[in-house]
Amino acid sequence: MSRLVVVSNRVAVPDPTGKGAAGGLAVALREAFEAYRGIWFGWSGKVAAQPSTQPKIVNRERVQYALMDLTSLDRQEYYNGFANRALWPIMHYRIGLSEFSRADYAGYLRVNRSFANALAQMVQPDDLVWVHDYHLIPLAAELRALGITNRIGYFHHIPWPAPEVLGTLPGSRELLRAITDYNLIGVQTERDADNLRRCLVQELGAVHRKGDVVELGNHQTRVKGFPIGIDVRGFEQAALRSSSHRLVRQTTAGLGSRRLIIGVDRLDYSKGIPERMESFERFLVGNPDQRGQVTYLQITPTSRSEVPEYATLSREVNETLGRINGSLGEPGWVPIHYVNSTYPRSVLAGLHRLSRVGLVTPMRDGMNLVAKEYVAAQNPDDPGVLVLSKFAGAAEQLTDALLVNPNDKFEVAEAIRDALYMGRDERIQRWTRMMGTIRQTDVSWWASTFLKDLAGGKNAGRPRIQVGV
Ligand code: F6P
């Protein structure tokens, strides 16, 4: 039986004590690793004086975790530099924030090559290889150059922009050529799939054949939407049990009769946090009767703080927050509670369930799983309302949310008001339809659909040309 080899920048090695909730990709892969024996390969998260040439192996149950250290220059150029200062903003349509440097790009290619060199020694002929995210776009091309002919899939967790946007990034044509070395490329939405296919056609002269197949020379690849899901049952159950949690009880007591509005996002400019705070300010200015009646809780763990644009954002959020709380707050009421802590799923699920409104208004987002988690955590008899950016991938599926343009503060303010005043019947109807979709496309559906497609794809065994970077 073939093994599953997962490759991602971060690797979630389970805590041997069993404590600490697994997040994101770890949850997604849990069931996949029950079906396949496997390897999870990637960065150890550690910086060492010398880069690893061989991974450090940690065995946990059926999975072998293979961990590579990076040097501080690697981390600076590959992770902070090209991945997070050049690619991330472009992929999120923020051309003006993208900082390209040739040195960073060389570092990005160097780390991909060194990962490929180490991984190629571990891959067996029948293994299915599944690579994740924008840090590792050239990995398949590097593996092909080393003679690896296995089926290799790639999943892009963040948005894929239109050709006019991607084309502004130096080196983007090379990345496009490299991505065609994957047998199957998964993206979050139909819009992303269409954008990537158009990039391949316009920039490389590839031909879009029927459906998801794109042909370059005598080589075919497939580009397809696989909307990622969540562990719906796990989240529902966490929400049901959450009322016993101290933090949830304290929040409930502190609220009194006020209604709660919640936002949960990493501190990232793609999430639209200052814009959202200003929309809430607009709501309070336009609805003075609501002052003192609602509290907006924004939970925002800091992230990527070595990247200058993130430090700038942190200052911007603090200034916006201070200004709004200073100008609209009263002695017994703070309009916006802003916390930078990270909370476990059990607490987040409880806080979502307490909230009458879930504010998920990114400027651009691949999927945004918080939107799905908010819905899954609701009480079916009295659910809250999701206000969702139309630029989040989740908006393609969750059409019963109140869809908004996050750039339009008046529109978001109006949606907050509509959400707070929405009657119970309408809330139940909208929630029921969204919950149906979330259940049907949960995280195990996502992983198994992608892997089935990769394992049995239509172009298995077809001849291919070598297009390395
Ligand atoms: O959404 C893309 C992503 O890279 C996720 O895979 C990851 O969990 C998140 O952003 C956080 O990014 P980082 O690994 O840079 O902290």
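Me: Which residues surround the ligand, and what counts as being near a molecule?

Reply: A residue is near a molecule if one of its heavy atoms lies within 4 Å of it. In this predicted model, the ligand is surrounded by Arg10, Tyr79, Trp88, Asp133, Tyr134, His135, Ile158, Arg266 and Arg304. Sorted by class, this shell holds 4 nonpolar, 1 polar and 4 charged residues.

Me: Which distances should I read for arginine 10, tyrosine 79 and aspartate 133?

Reply: A polar contact is a pair of N or O atoms within 3.5 Å, and that cut-off is the one to keep in mind here. For arginine 10, a polar side-chain atom lies 2.6 Å from an oxygen atom of the ligand, while for tyrosine 79 an N or O atom of the side chain is 2.5 Å from a ligand oxygen. In the case of aspartate 133, the separation between a side-chain N or O atom and an oxygen atom of the ligand is 3.4 Å.

Me: How much of the ligand's area does the protein bury?

Reply: Taken alone, the ligand exposes 380 Å², and 67% of that is buried by the protein.

Me: Is asparagine 9 buried or exposed, and where does it lie?

Reply: Buried means under 20% relative accessible area; asparagine 9 has a relative accessible area of 4%, and is therefore buried. Asparagine 9 belongs to strand 1, which covers residues 4-10.

Me: What is asparagine 9 in contact with?

Reply: Leaving aside neighbours within four places in sequence, asparagine 9 is in contact with Gly42, Trp43, Tyr78, Tyr79, His135 and Leu136. With tyrosine 78, the side chain of asparagine 9 forms a polar contact of 2.7 Å.

Key:
Residues are numbered from 1 along each chain as its sequence is written. This is a predicted model: local features need pLDDT of at least 70, side-chain atom pairs count only at pLDDT 80 or more; totals for chains, interfaces and linings use all residues. Side-chain values use heavy atoms; hydrogens and water are left out. A polar contact is a pair of N or O atoms within 3.5 Å; within protein, one must be able to donate a hydrogen and the other to accept it, and residues adjacent in sequence count only if both atoms are side-chain atoms. Accessible areas come from the Shrake-Rupley method with a 1.4 Å probe; for residues, only the protein chains shown count as cover. Ala, Val, Leu, Ile, Met, Phe, Trp, Tyr, Cys and Pro count as nonpolar, Asp, Glu, Lys and Arg as charged, and the others, Gly among them, as polar. Helices (H or I, at least four residues) and strands (E, at least two) are DSSP runs, numbered from the N terminus. Buried means under 20% relative accessible area, exposed over 50%, partly exposed in between (1.4 Å probe, protein chains only). Contact means heavy atoms within 4.5 Å.
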